[in-house]
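I open this notebook to record what I looked up in the structure. The entries follow in the order in which I made them.

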Amino acid sequence: DASLMANCAAFADQELAEQAPLHYLVMTQGIATTAGYSPTAEGVDLKLALHYFSRAELARRLAPKLAASEDGRIMSVLSGGVHSLYGEYEQDFMLEKGFTLANAANAAGTYNDALVAKLSEEQPAVAVLHACPGFVATNWGTELPTVMRWLTRVAQLFATSLHECGELLGAALFRDEYRGKGACVDKASRVVASAVDDAAAAAIWTRTCALLDSLAEARSVTGDGASNNQGGKGEAATSSAPDDAE
């Protein structure tokens, strides 16, 4: 369950203990729900936990190992280039005061843009990408109300296939011009504009690391390893060989 940072940290520690090199980290964990603000056991809204904080935790922990490979790459698949700026990151970083579905979506997208900007600065040997897959025919939406779920399934008849989406995002993941860079990319692997400037990215990343560090410190005091299921979908793929990335 990737909604808990404790589980993400444990997964990263397990990967770091492996002797094989790590070349790629691709993160797609998420949830489609119309529920309001829903804090996990760690006090983080479920949507933000899956769509951003779990990705930031995995990326920052595994980035040094990725940097040790010849061409380490990180891809967070969410909404690169299609979301709006969430401008309340200073006043309501965790969406505790003004949660709406739009704010949750825009905050996750904005924060992923910041992840790209700052982690690529900290780890210049690693490519860090925030990608938008477009509308894809997957099992996305299983948590939606019945009518919305069936409408989604009908719409997906006209969506990009999972196989085609994988090929398109794979092309972005492996493009030579992204080597050692940070970029937001669309489903055609073209660079698109980030929603954040340098100041916003720095502020968001500083708050992100402070939160993740505080949760890690709390775990060290309580000894809580956490593994309970919050109902979210957890997908983070790692690859230790250049030709078998997922």
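I note that the model is predicted. Strand 2 covers residues 73-77 and is mostly covered, with five of its five residues buried.

I then looked up the pairing of strand 2. Strand 1 (residues 24-27) pairs with strand 2 in the parallel sense, over four bridges. For Tyr24, I found Arg73 in strand 2 as the bridge partner.

**Helix 2 and helix 6**

I next examined helix 2 (residues 46-67) and helix 6 (residues 198-222), whose axes come within 11 Å and cross at roughly 85°. Helix 2 and helix 6 are therefore roughly perpendicular to each other. From helix 2, the residues in the contact are Tyr52, Phe53, Ala56, Glu57, Arg60 and Arg61. From helix 6, they meet Ile204, Trp205, Thr208, Cys209, Leu211, Leu212, Asp213, Ala216 and Arg219. I recorded the composition of this contact as nine nonpolar, one polar and five charged residues.

**The whole chain**

Of its 246 residues, 48% count as buried. Among contacts in the protein chain with a separation of 6 or more, 78% come from residues 24 or more positions apart. The protein chain exposes about 11,300 Å², of which carbon and sulfur atoms supply 55%.

Note on methods. Residues numbered from 1 in each chain as written. Predicted model: local features only at pLDDT ≥ 70, side-chain atom pairs only at ≥ 80, totals over all residues. Heavy atoms only, no water. Axes fitted to C-alpha atoms, helices over the stretch in contact; angles between N-to-C directions. Helix = DSSP H or I, 4+ residues; strand = E, 2+ residues; numbered from the N terminus. Parallel < 35°, antiparallel > 145°, perpendicular 65-115°, else oblique. Contact = heavy atoms within 4.5 Å. Nonpolar A, V, L, I, M, F, W, Y, C, P; charged D, E, K, R; others polar. Buried < 20%, exposed > 50% of the residue type's maximum accessible area, 1.4 Å probe, protein only. Areas by Shrake-Rupley, 256 points an atom, 1.4 Å probe, with all protein chains shown as cover. Pairing = 2+ DSSP bridges.
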